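Welcome! Please take a look at the sequence and the fold below, and then let us walk through them together.

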Amino acid sequence: MNHKGQVLTIFVLLLPILLICASLIIDVGLSYIEKRTIERTLEDTISYALDHLDQDEAALKTNMNNLLNQNIKNIYDMKLTIENETVMIHIETRTNYIFTKNKGIIKTAYQGKIIDGKKTITKE
């Protein structure tokens, strides 16, 4: 019996599975990187807002909106709230995934306030 070509056949059968696994790993990794970038941008924006609470509220919200739009892509929904020296940001962004037709949604919410002269920023 001739056994030539068995390795090639197995390789051809397993190659699509290996490519799918590799692209899934890359896809999940990129989504984690994107989520962390969004979280850092939200933290920086809240920190900026807490430093400038003495500004007019409309001007502060405009500046915060500009910061978020410059640093985050595909913003789907955004809510900025400033009341009682507390700043809250709720944001939804859409991301492109390789394996789904629909876009993924990343929802993130942060809140910041000044307590005893120190900035406190927490994830909700």
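Two strands pair if DSSP finds at least two bridges between them. Helices (H or I, at least four residues) and strands (E, at least two) are DSSP runs, numbered from the N terminus. With that in hand, here is a bridge to look up: in β3, the partner of Thr-86 is Lys-113.

A word on the source: this is a predicted model, in which local features need pLDDT of at least 70 and side-chain atom pairs count only at pLDDT 80 or more, while totals for chains, interfaces and linings use all residues. Residues are numbered from 1 along each chain as its sequence is written, and side-chain values use heavy atoms, with hydrogens and water left out.

Now for the sheet. It is open and built from 4 strands in the order β1-β2-β3-β4, with antiparallel pairing. At its edges are β1 (75–83) and β4 (118–123), each of which pairs on one side only. On average, neighbouring strands are turned by 15° against each other, direction ignored; axes here are lines fitted to C-alpha atoms, for helices over the stretch in contact, and angles run from 0 to 180 degrees between N-to-C directions.

Two of the pairings can be set side by side:

| Strand pair | Sense | Bridges |
|---|---|---|
| β2 and β3 (residues 104–115) | antiparallel | 10 bridges |
| β3 and β4 | antiparallel | 6 bridges |

On to β4, where Lys-123 is the bridge partner of Tyr-110.

The helices come next. Helix α1 (residues 6–51) lies across β2, β3 and β4, and runs at about 30° to β3. Helix α2 (residues 57–71) packs on the sheet, where it touches β1 and β2, and its direction makes about 150° with that of β1.

Let us finish with one residue. Is Thr-93 buried or exposed? Thr-93, in strand β2 (residues 86–95), is buried, with a relative accessible area of 0% (buried means under 20%, exposed over 50%, partly exposed in between, with a 1.4 Å probe and protein chains only). Contact means heavy atoms within 4.5 Å. Leaving aside neighbours within four places in sequence, Thr-93 is in contact with residues including Ile-38, Ile-72, Tyr-76 and Ile-105. Tyr-76 is found in strand β1 and touches Glu-92, Thr-93 and Arg-94, not counting residues up to four places away in sequence.
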